Amino acid sequence: MRGSLKIARIAGIDIGIHYTWILAFFMIAFFQAEAFHQIYSNLSISLTWTAGFLSSILLFISVLLHELAHSLVAQARGLPVSSITLFIFGGVSNLSEEPERAGIEFWMAIVGPFTSLALGGIFWALWYGLTGTIGLPITSANIPTTHQTLGVAVVGFLAYINIALAAFNLLPGFPLDGGRVLRSILWKSTGNLVTATNIAATIGRVFGWGLVVYGVFLLFQPGGFFSAIWIAIIGFFLTNAAETSRQEVTVREHLAGVQVGQVMELNTETVSPGLPVAELVRDAFLLRRRRAVPVADGDRIVGMVSISDVRALSQEEWAMTPVERIMTREPLHAVKPDDDLNTAMKIIAQYDLNQVPVLNQGKLVGILSRANVINFLQLKQELGIKRGRDTKRQAGSTPLPS
């Protein structure tokens, strides 16, 4: 996820935080600190703020454990997981491949809510052991108000929030975990991933818009402004995420069975590392309308130079700057002509590239760009060409493209 900062590495998985996580962290810390201060008015603000920050930290550790459960199950099923990113709405596991069978997706999805439920149970047991109270602190009225129980109040908050997180994620609103469980069941029963995704995504969008409507309703209730805005934003997020997931699956199915060589640009023009940037812009970009050009030292490809590389350099420096100063250097991510197009797109997405060189036995034979793939899909749509192969597969038969 763009705008993320790596903070740790667990079980070979990079753990990162998105800049929006900082906003969520301080919002949760602030509102918990305010709640604690109202209850423990005899305590100092610094102490209740400490409890608020502790609540926020432990909440996001709980979210991280939820995502780690997804990722570890994925790894156990042979699916590489590149990273986990915490952001304003929780966390997301970034898989290098998608599940090939419905059963794999089911267990990957269900383990997250089970982990949150287990954490909630642990904190609830602590809460009960410390207070003798069965009910969790859904409101501040449920929290004991003695000086010694500020830490206990944090435990109660974590018990409630983890159980609530498990319950919310089990709702059948794709792409929530419950929606993915629903999709896996539909996938297993129909044998068709696209049909299952369309149904689950439609339910997810309805659920998302339902949250938006509920948020608008709360907007007109006394004291409900913050909750209304937050619920509406979550609804918009879920609606957009469901539609994006549906489109991604549809695109993967349209690209399935298509080889890179059928879509790539055949132009294998290269430039030398010592070519001035001004000449590159004039000859390759302006005259021949190229957006990226491989850089070759003899027969060896040593880099790629693109319009975005040039933009980072002031125009006054073009004439005196060689291409090798601004090019993307080795190791380059490349594909082969007989690679599946989905494999190539996975590399482009994973490394946030706009194009990759296509090599055949180490020799440059073409360039594959995002624009090539988009044009290919548009042509298929205009011509009314259906998916390249029958997608009505039973779960566990022919592997799905990833």
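Visitor: Let's start with F225. Is F225 buried or exposed?
Guide: F225 counts as exposed, because its relative accessibility is 56% and the cut-off for exposed is over 50%. Keep in mind that this is a predicted model.

Visitor: Where does F225 sit?
Guide: In helix α7, which covers residues 225-255.

Visitor: And how far apart are F225 and W127 in space?
Guide: They are 30 Å apart, C-alpha to C-alpha. Along the sequence, 98 residues separate F225 and W127.

Visitor: Let me zoom out. How many helices and strands are in the chain?
Guide: Eleven helices and nine strands.

Visitor: What does the C-alpha trace span?
Guide: About 80 × 55 × 45 Å along the principal axes of the chain.

Visitor: What share of the residues is buried?
Guide: Of the 402 residues in the chain, 46% are buried.

Visitor: What about contacts in the chain? How much comes from residues 24 or more positions apart?
Guide: Take the contacts with a separation of 6 or more. Residues 24 or more positions apart account for 63% of them.

Visitor: Now the inside. How many residues are in the largest nonpolar core?
Guide: There are 38. F36 and Y40 have the most contacts inside this core.

Visitor: Which one gives the most?
Guide: α2, with nine residues.

Visitor: What about a second core? What is in it?
Guide: The second core is separate and has 17 residues. Among them are V271, V281, A284 and V295.

Visitor: V295, okay. Which residues does V302 touch?
Guide: V295 is one of them. V302 also touches P273, A296, D297, M327, T328, R329, E330 and L332. That list leaves out residues up to four places away in sequence.

Visitor: Where is V302, then?
Guide: In strand β6, residues 300-306.

Visitor: Why does V302 count as buried?
Guide: Because its relative accessible area is 8%, and buried means under 20%.

Visitor: How far is V302 from F87?
Guide: Their C-alpha atoms are separated by 37 Å. Along the chain, V302 and F87 are 215 residues apart.

Visitor: Back to α3. Where does L117 lie, and which residues does it touch?
Guide: L117 lies in helix α3. L117 touches N162 and A166, not counting residues up to four places away in sequence.

Visitor: How far apart are L117 and A159?
Guide: In space, 8.9 Å from C-alpha to C-alpha. In sequence, L117 and A159 are 42 residues apart.

Visitor: Why is L117 called partly exposed?
Guide: Because its relative accessibility is 45%.

Visitor: Let's do loops. Where is N192?
Guide: In the loop between α5 and α6 (193-219).

Visitor: Is N192 buried or exposed?
Guide: N192 is buried, with a relative accessible area of 12%.

Visitor: Which residues does the cis peptide bond join?
Guide: F174 and P175. Omega is about 10° there. P175 is in the loop between α4 and α5 (177-190).

Visitor: What is phi for A11?
Guide: About 55°. That is positive, although A11 is not a glycine. A11 is found in the loop between β1 (4-10) and β2.

Visitor: And R289? What is its phi, and where does it lie?
Guide: Phi of R289 is near 55°, a positive value in a residue other than glycine. R289 lies in the loop between α8 (277-287) and β5 (292-297). R289 is exposed, with a relative accessible area of 71%.

Visitor: Last topic: the second largest pocket. What is its volume?
Guide: About 300 Å³.

Visitor: How many residues line it, and which lie nearest its centre?
Guide: The lining has 16 residues. R291, A292, N354, Q355 and S369 lie nearest the centre of the pocket.

Visitor: How do the residues of the lining divide?
Guide: Four are nonpolar, six are polar and six are charged. α9 (307-311), β9 (363-369) and α11 (370-383) each supply at least two residues of this lining.

Conventions:
Residues numbered from 1 in each chain as written. Predicted model: local features only at pLDDT ≥ 70, side-chain atom pairs only at ≥ 80, totals over all residues. Heavy atoms only, no water. 1 Å grid on protein atoms, 1.4 Å probe; cavity = no way out; pocket = protein on both sides within 12 Å on 5 of 7 lines; lining within 4 Å. Points joined across faces, edges and corners; volume = space filled by probe spheres on them. Helix = DSSP H or I, 4+ residues; strand = E, 2+ residues; numbered from the N terminus. Nonpolar A, V, L, I, M, F, W, Y, C, P; charged D, E, K, R; others polar. Core = buried A, V, L, I, M, F, W, Y, C linked by side-chain atoms within 4.5 Å. Buried < 20%, exposed > 50% of the residue type's maximum accessible area, 1.4 Å probe, protein only. Contact = heavy atoms within 4.5 Å.
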